[in-house]
Amino acid sequence: MRERQRIVVVGHGMVGHRFAQAAVDRGLTKTHEVLIFGEEPRAAYDRVGLTSWFGHPDGADGLSLLPGGEYDDERVRLVLDSVVTEIDRTERTVTVVSPPSAVGDLLAHPGAVTVHEYDVLVLATGAAPFVPPVEGRGKDGCFVYRTIEDLEAIKAASEGATGGVVIGGGLLGLEAANALVQLGLDTSVVEMAPRLMPIQLDPAAGATLVRHVERLGVTVHTGVLTEEIEGDARVSGLRVRQAGTEEGAPTTVIDAQVVVFSAGIRPRDALARECDLEVAPRGGVLVDEQCRTADPHVFAIGECAAPGGTMYGLVAPGYAMAEVVVDALLDGPGTFTGADMSTKLKLLGVDVASFGDAFATTDGALELTYADAVTGVYKKLVVSDDGRRLLGGILVGDASAYGVLRPMVSSGLALPDNPEQLILPASSGVQPGMPDEAQVCSCNDVTKADIVHAVTEQGCESVADVKQCTRAGSTCGSCVATVKSIIEDHFASVGKVVDKGLCEHFRLTRQELFDVVAVHGYRRFDDIVAAHGTGRGCDVCKPALASILASQTSTHILEPATAGLQDTNDAYLANIQRNGTYSVVPRIPGGEITPDKLIVVGEVARDYGLYTKITGGQRIDLFGARLEQLPAIWRRLVDAGFESGHAYGKSLRTVKSCVGSTWCRFGVQDSVGLAIALELRYRGLRSPHKLKGGVSGCARECAEARGKDFGVIATEKGWNLYVGGNGGATPAHARLLAGDLDTATLVSYLDRFLMYYVRTADRLQRTSTWIEQLDGGLERVREVVVEDSLGLGAELEADMARHVGGYEDEWRATLEDPAKLARFVSFVNAPDTPDPSIAFTTEREQIQPIAPALIPVGAPA
């Protein structure tokens with residue numbers, strides 16, 4: 001006779017794992033043993049982040065939710081590669097086949113058969129991809145997108161393929177499209193609805209998302225039906241026609257050798273049907289508010305369950321169900337009465353969020369929208385008819401306000417008098433007065449009160465501590481910024497100094513570390529961590545301190561004392577690309593280049609077979625260089641008078657210019673001459689984040705100077721200086737710092753501004769957010785830079801003068817040092833052997849990568 005009651009869990013996906021972990025954490029294993037059967041050959045992994053498998057350095061292990069394959073509690077036993085084929089509810093047993101001959105078919109598997117008793121049965125079998133009855137769906141080259149094995153098969157099929165198409169434009173469909181893009185395929189998405197993500201987005205948001213997706217090279221076909229998958233034994237194309245047309249209407253064929261079905265999911269409820277458990281009309285095991293079936297000994301959780309007849313296809317509701325079942329087995333009061341279906345994801349690099357009543361179905365609901373077609377940002381708030389309550393919303397292109405807005409929906413927090421301010425640019429932070437019951441983390445159902453309790457009662461002092469105690473921010477990560485703000489706001493309210501340390505190894509901020517290095521004159525990371533930190537450092541503090549050392553000492557970044565601190569790009573003085581090759585970006589100040597130099601660039605690109613592109617920053621980028629080719633390429637460029645463009649570094653990239661008064665009839669100042677002077681002055685300046693500048697010769701602003709970290713616009717009297725602009729995911733317009741400056745004054749103010757930023761900004765903080773978070777904002781910058789309120793003007797200018805005087809081209813210095821050149825090999829034990837995994841195809845008469853590769857042997861993580 002067993003000492004404890006036995007819980008059998010069928011399925012070890014994310015939800016099954018959550019149940020087991022909750023059983024351990026909440027003490028259920030004191031009275032019960034847990035036996036889990038997982039049909040996949042590996043333990044539960046992060047299916048939400050499935051696409052990251054392609055580029056993860058640790059492969060499948062990097063996604064694992066149970067890296068060791070075993071639970072800390074010996075009373076929880078996991079059996080993998082095993083399929084439950086039958087449930088006998090009368091005898092309370094399950095029949096298990098191990099190993100299965102074909103993962104996925106739950107009903108018939110030859111193999112070793114065992115029978116196991118249960119006292120409690122938890123079904124966590126999840127869902128299966130829906131494959132519509134399209135003619136040709138069984139051809140080679142057709143796949144679903146659900147497991148790591150699916151991804152492995154898709155990757156193998158992509159070798160030698162040129163085109164891929166995804167059937168389905170929902171959340172998972174766009175993730176699948178991202179995977180095909182990473183595999184180097186010419187990718188299309190086919191969606192029957194008139195827009196992408198029709199369940200989450202309205203027409204305007206869908207159109208904005210399409211523009212983003214198409215900029216990334218993905219072709220989008222909405223409002224179309226798939227008629228047939230063409231080809232003999234293997235896929236050769238996809239035939240589609242417009243939705244709403246009759247059969248026989250004109251069709252279009254999309255070239256593809258890989259087809260991925262992502263047209264939705266269906267609950268895997270076959271086991272329940274076979275043992276006569278009731279299922280919902282649209283599938284899913286019917287359960288009550290405790291996730292219990294009509295059989296009191298059987299529960300169902302996650303995508304296979306249908307509480308109240310509704311199947312939930314997100315991980316957060318599944319997690320909530322898992323907790324409810326553990327609570328029920330502990331005789332607790334927990335119930336599942338519905339779930340927040342809010343979603344925030346980064347799809348193909350684009351932030352997308354939908355929450356609450358996104359489609360304004362509530363009676364009297366009003367809509368507030370903000371749209372910027374240029375930057376690709378669309379935001380909508382749905383508010384009550386009196387304008388006092390937030391009911392829902394949609395965010396595309398900039399979802400930074402999601403962490404504030406979504407909790408306002410669940411908490412009923414009153415809107416401010418001007419609710420549009422919540423979606424206008426630069427809106428962020430914790431909403432003042434956010435109630436304790438506001439749900440901050442929907443994935444793990446963590447409220448503001450839970451976070452404050454973790455801080456006040458459980459001794460948590462950082463986001464990492466709170467994650468461990470509450471799980472907030474540990475699943476999708478979209479609420480981490482809000483969690484951090486809540487912690488800091490609470491500490492500030494009780495008069496406690498907020499820990500803003502750089503990382504776990506340093507309690508000092510980046511600014512404090514900058515001052516420490518300056519005062520003590522440190523030149524080695526080991527000396528700094530010995531005196532002011534702990535441990536051996538990490539990928540946060542090492543590059544940050546490497547940047548600090550570089551900005552203060554002008555020491556070559558590949559000197560022995562700092563070479564090991566650099567990230568991959570700085571370590572090889574080039575940006576690594578997705579197939580393991582590198583880019584070559586020579587500096588071309590102001591975009592001005594002589595014919596002789598232009599010829600050299602062309603000859604280098606031709607001789608080494610590089611992809612060549614003229615950028616928006618007035619540079620010429622060369623892509624596809626193998627690691628071992630970089631020194632030879634740069635030798636020719638350096639000999640021709642070029643130097644590093646620092647495209648790989650957190651430093652000055654370019655200073656863009658128009659042609660100014662030299663050529664343009666509207667120009668009032670020599671913008672080209674100033675742009676070149678500024679780029680040569682600030683080249684190589686290591687900073688918290690990348691820096692970009694621009695100089696326009698008149699108010700027509702052809703150089704887009706106000707979209708740069710520093711922008712200069714000519715006036716009849718001199719120059720206007722703007723600061724704090726940037727493009728990217730959260731664009732910001734630069735604002736006027738000082739006007740009608742002569743050139744000498746302009747340069748002195750820029751010297752001060754840049755060095756003030758380098759000294760005081762946080763790591764990876766652009767000038768726009770640095771200014772926004774300074775106490776006093778732009779006015780504080782003006783006081784320090786223009787008015788010299790701190791008396792630092794001369795010191796900041798001297799710091800810049802030291803940088804200018806100590807500058808040397810990093811690539812020229814590398815070519816002159818055999819020790820530095822020794823690192824440029826693909827394999828340390830075979831230096832003359834190129835990486836065989838790198839391959840290209842040809843498109844538009846230039847090379848294109850066809851498959852991603854791992855970072856070369858010897859490259860730092």
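Colleague: At what angle do H20 and helix H23 (residues 793-806) pack, and how far apart are their axes?
Modeller: This is a predicted model. Angles of 65 to 115 degrees count as roughly perpendicular, so H20 is roughly perpendicular to H23. The packing angle is about 85°, and the axes are 8 Å apart.

Colleague: Which residues of H23 make the contact with H20?
Modeller: By class, the contact of H20 with H23 has five nonpolar, two polar and six charged residues. From H20 come Ser 748, Asp 751, Arg 752, Leu 754, Met 755, Tyr 756 and Arg 759. From H23 come Gly 793, Glu 795, Leu 796, Glu 797, Asp 799 and Met 800.

Colleague: How far apart are the axes of helix H11 (residues 510-520) and H20?
Modeller: H11 is roughly perpendicular to H20. The angle between them is about 105°, and their axes are 7 Å apart.

Colleague: Which residues of H20 make the contact with H11?
Modeller: The residues in the contact of H11 with H20 are two nonpolar, two polar and two charged. H11 supplies Arg 510, Gln 511 and Phe 514. H20 supplies Val 758, Arg 759 and Thr 760.

Colleague: What does Tyr 682 touch, not counting residues up to four places away in sequence?
Modeller: Leaving out residues up to four places away in sequence, Tyr 682 touches Leu 652, Phe 710, Val 747, Leu 750, Asp 751, Leu 754, Met 800 and His 803.

Colleague: Is H3 largely enclosed by the rest of the structure or largely exposed?
Modeller: Buried residues of H3 include Leu 171, Gly 173, Leu 174 and Glu 175. Ala 176, Ala 177, Asn 178, Ala 179 and Leu 180 are buried too. Nine of the 12 residues are buried, so H3 is largely enclosed by the rest of the structure.

Colleague: How far apart are the end C-alpha atoms of helix H3 (residues 171-182)?
Modeller: At 1.5 Å a residue, the 12 residues of H3 should span 16 Å. The model agrees with this, as the end C-alpha atoms are 17 Å apart.

Colleague: Which residue just after H3 takes a positive phi?
Modeller: The phi in question is about 85°. The residue is Gly 184.

Notes. Residues are numbered from 1 along each chain as its sequence is written. This is a predicted model: local features need pLDDT of at least 70, side-chain atom pairs count only at pLDDT 80 or more; totals for chains, interfaces and linings use all residues. Side-chain values use heavy atoms; hydrogens and water are left out. Helices (H or I, at least four residues) and strands (E, at least two) are DSSP runs, numbered from the N terminus. The expected span of a helix is 1.5 Å times one less than its number of residues. Buried means under 20% relative accessible area, exposed over 50%, partly exposed in between (1.4 Å probe, protein chains only). Contact means heavy atoms within 4.5 Å. Axes are lines fitted to C-alpha atoms, for helices over the stretch in contact, and angles run from 0 to 180 degrees between N-to-C directions. Angles under 35 degrees count as roughly parallel, over 145 as roughly antiparallel, 65 to 115 as roughly perpendicular and the rest as oblique. Ala, Val, Leu, Ile, Met, Phe, Trp, Tyr, Cys and Pro count as nonpolar, Asp, Glu, Lys and Arg as charged, and the others, Gly among them, as polar.
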